[in-house]
Amino acid sequence: MTTLPDRDAANVDARDFQQQETYYFQSPTGNIMCAFTPAHTLGMGCQLEHASVIPAALPGCGTRPDRAVAVQIVEGTAKFLCTSQGIYVGAPLNGGSKGGGKVLEYGQTLIVRGTACTSTTAGVRCDSGGHGFLIAADQQQLF
């Protein structure tokens with residue numbers, strides 16, 4: 001496991017991902033949508049449009065089409081969520097109809113309010129003070 005990137009590891013400008021008070025991004029595939037929200041109850045999180053593996057902590061999440069596997073970091077603690085809403089989905093961009101925010105390309109790291117997220121071919125990894133998650137269609141891990 002790698003350590004939290006330092007602030008110099010950010011290789012994108014957070015302002016490019018900002019929609020009002022929230023910073024949104026999505027993976028290059030569009031399957032992972034993430035947000036750094038201002039509300040302490042939602043914190044920073046990501047959700048999947050489609051999951052091929054459902055975490056054991058969310059046994060009913062994969063059985064209904066109106067539920068999405070999600071992960072979040074609130075006040076330094078990472079946890080799984082099963083959501084019926086697009087809580088980490090930004091508004092559509094460039095006249096499109098699919099929400100999600102700007103694409104965070106593979107290898108790019110975005111840091112907002114001390115939480116760093118990196119887009120990789122294995123999924124999106126977000127770290128905050130040594131805690132965080134990795135999320136992808138085929139795996140979700142908390143640490």
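Some housekeeping. Residues are numbered from 1 along each chain as its sequence is written. Because the model is predicted, local features need pLDDT of at least 70 and side-chain atom pairs count only at pLDDT 80 or more, while totals for chains, interfaces and linings use all residues; side-chain values use heavy atoms, with hydrogens and water left out.

Let me start with the cysteines. How many disulfides are there? The count is three, where a disulfide is a pair of cysteine sulfur atoms within 2.5 Å. If you number the bonded cysteines in sequence order, the pairing reads 1-2, 3-4, 5-6.

Take Cys34 and Cys46. Their sulfur atoms are 2.0 Å apart, and the link is right-handed, with 110° about the S-S bond. The pair links distant parts of the chain, twelve residues apart: Cys34 is in strand β3 (residues 32-36) and Cys46 in strand β4 (residues 44-48). On the naming, helices (H or I, at least four residues) and strands (E, at least two) are DSSP runs numbered from the N terminus. Cys34 is buried, at 0% relative accessibility, and Cys46 is buried at 0% too. For these labels, buried means under 20% relative accessible area, exposed means over 50%, and partly exposed is in between, with a 1.4 Å probe and protein chains only.

Next, Cys61 and Cys82. Here the sulfur atoms are 2.3 Å apart, and the link is right-handed with 95° about the S-S bond. Are the two ends buried or partly exposed? Cys61 is buried, at 3% relative accessibility, whereas Cys82 is partly exposed at 34%.

That leaves Cys117 and Cys126, joined with an S to S distance of 2.1 Å. This link is right-handed, with 115° about the S-S bond. Cys117 is buried at 0% relative accessibility, and Cys126 is buried with a relative accessible area of 0%.

Now to the strands in that part of the chain. Strand β10 (residues 123-128) has six of its six residues buried, so it is largely enclosed by the rest of the structure. What does β10 pair with? Strand β9 (residues 115-120) pairs with β10 in the antiparallel sense over five bridges, and β10 pairs with strand β11 (residues 131-136), again antiparallel and over five bridges. Two strands count as paired if DSSP finds at least two bridges between them.

As for individual bridges, Ser119 has Val124 in β10 as its partner, and Arg125 has Leu134 in β11. β9 and β10 form a hairpin with two residues between them. The hairpin of β10 and β11 also has two residues between the strands, and there Gly129 takes a positive phi near 60°.

Lys102 lies over the face of Phe17, at 5.2 Å from the ring centre. The rule is that NZ of Lys or CZ of Arg is within 6 Å of the ring centre and within 35 degrees of the ring normal.
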